[in-house]
Amino acid sequence: QVQLVESGGGLVQAGGSLRLSCGASGSIVSIDAGGWYRQAPGKQRELVATFTSDGSTNYPDSVKGRFTISRDNAKNTIYLQMNSLKPEDTGVYYCHADVIRGPMIIDYDYWGQGTQVTVSS
């Protein structure tokens with residue numbers, strides 16, 4: 001079994017910062033690719049930041065320059081540094097990962113349970 005557990009959410013004032021963490025546990029060798037998504041009340045889940053197996057990253061214009069995704073391979077953890085937060089960044093943030101289970105074995109599409117981020121104006 002593979003589990004992704006997010007942490008680091010909370011309440012912050014506009015202009016503030018938060019750092020989200022997503023730890024992967026279970027029978028995995030490493031994280032192959034991953035990302036963060038968010039869902040605001042009444043809206044669809046949207047991409048916030050992703051990275052591929054070759055390390056390239058992708059951000060939508062709404063967070064570009066403010067959010068940074070990173071990873072710690074030794075800890076099998078994905079991070080999301082969020083700066084200059086805005087009220088429209090409010091939502092439940094979900095971690096997503098594809099994991100390497102062994103030589104030439106990749107399991108796709110694991111999700112965490114989500115962590116709430118609330119940005120007050």
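## Contacts along the chain

Among contacts (heavy atoms within 4.5 Å) between residues at least 6 apart in sequence, 55% join residues at least 24 apart. The model is a predicted one, in which local features need pLDDT of at least 70 and side-chain atom pairs count only at pLDDT 80 or more, while totals for chains, interfaces and linings use all residues. Residues are numbered from 1 along each chain as its sequence is written, and side-chain values use heavy atoms, with hydrogens and water left out.

## Secondary structure and overall dimensions

The chain has 11 strands and 0 helices, where strands (E, at least two residues) and helices (H or I, at least four residues) are DSSP runs numbered from the N terminus. Read from the N terminus on, the elements run β-β-β-β-β-β-β-β-β-β-β.

The radius of gyration of the chain, taken over C-alpha atoms, is 14 Å, which agrees with the value near 14 Å that a compact globule of 121 residues would have; the globule rule is 2.2 Å times the number of residues to the power 0.38. Taken along the principal axes, the box filled by the C-alpha atoms is roughly 50 × 25 × 25 Å.

## Core, surface and charge

Buried residues make up 44% of the 121 residues in the chain, with buried meaning under 20% relative accessible area, exposed over 50%, and partly exposed in between (1.4 Å probe, protein chains only). In soluble globular proteins, nonpolar side chains tend to be buried together. A nonpolar core is defined as a set of buried Ala, Val, Leu, Ile, Met, Phe, Trp, Tyr and Cys residues joined through side-chain atoms within 4.5 Å. The largest such core holds 28 residues, of which W36, I78, L80, M82 and Y93 touch the most other members. The elements that give two or more residues to this core are β1 (2-7), β3 (18-26), β4 (30-39), β5 (46-51), β7 (67-72), β8 (77-82), β9 (91-102) and β11 (115-120).

The chain exposes about 6400 Å², of which carbon and sulfur atoms supply 49%, as computed by the Shrake-Rupley method with a 1.4 Å probe. There are 10 positive and 11 negative side chains, and the centres of the two sets lie 6 Å apart; Lys and Arg count as positive and Asp and Glu as negative, with His and the chain ends not counted, and each charge is placed at NZ of Lys, CZ of Arg, CG of Asp or CD of Glu.

## Selected strand residues

Q39, in strand β4, counts as partly exposed at 28% relative accessibility. Leaving aside neighbours within four places in sequence, Q39 is in contact with Q44, R45, G91, V92 and Y94; the C-alpha atoms of Q39 and V92 are 5.3 Å apart in space, although the two residues are 53 apart in sequence.

Strand β2 (residues 10-13) contains Q13 and also L11. Q13 is exposed at 61% relative accessibility, and L11 is exposed with a relative accessible area of 67%. Not counting residues up to four places away in sequence, Q13 touches V119 and S120, while L11 is in contact with T118 and S120. L11 and Q116, 105 residues apart in sequence, have C-alpha atoms 8.3 Å apart, whereas 22 Å separates those of Q13 and E46, which are 33 residues apart along the chain.

## Loop residues with positive phi

Most residues other than glycine have a negative phi. S84, in the loop between β8 and β9, has a positive phi near 50 degrees and is partly exposed at 41% relative accessibility. M104, in the loop between β9 and β10 (105-111), has a positive phi near 65 degrees and is exposed, with a relative accessible area of 85%.
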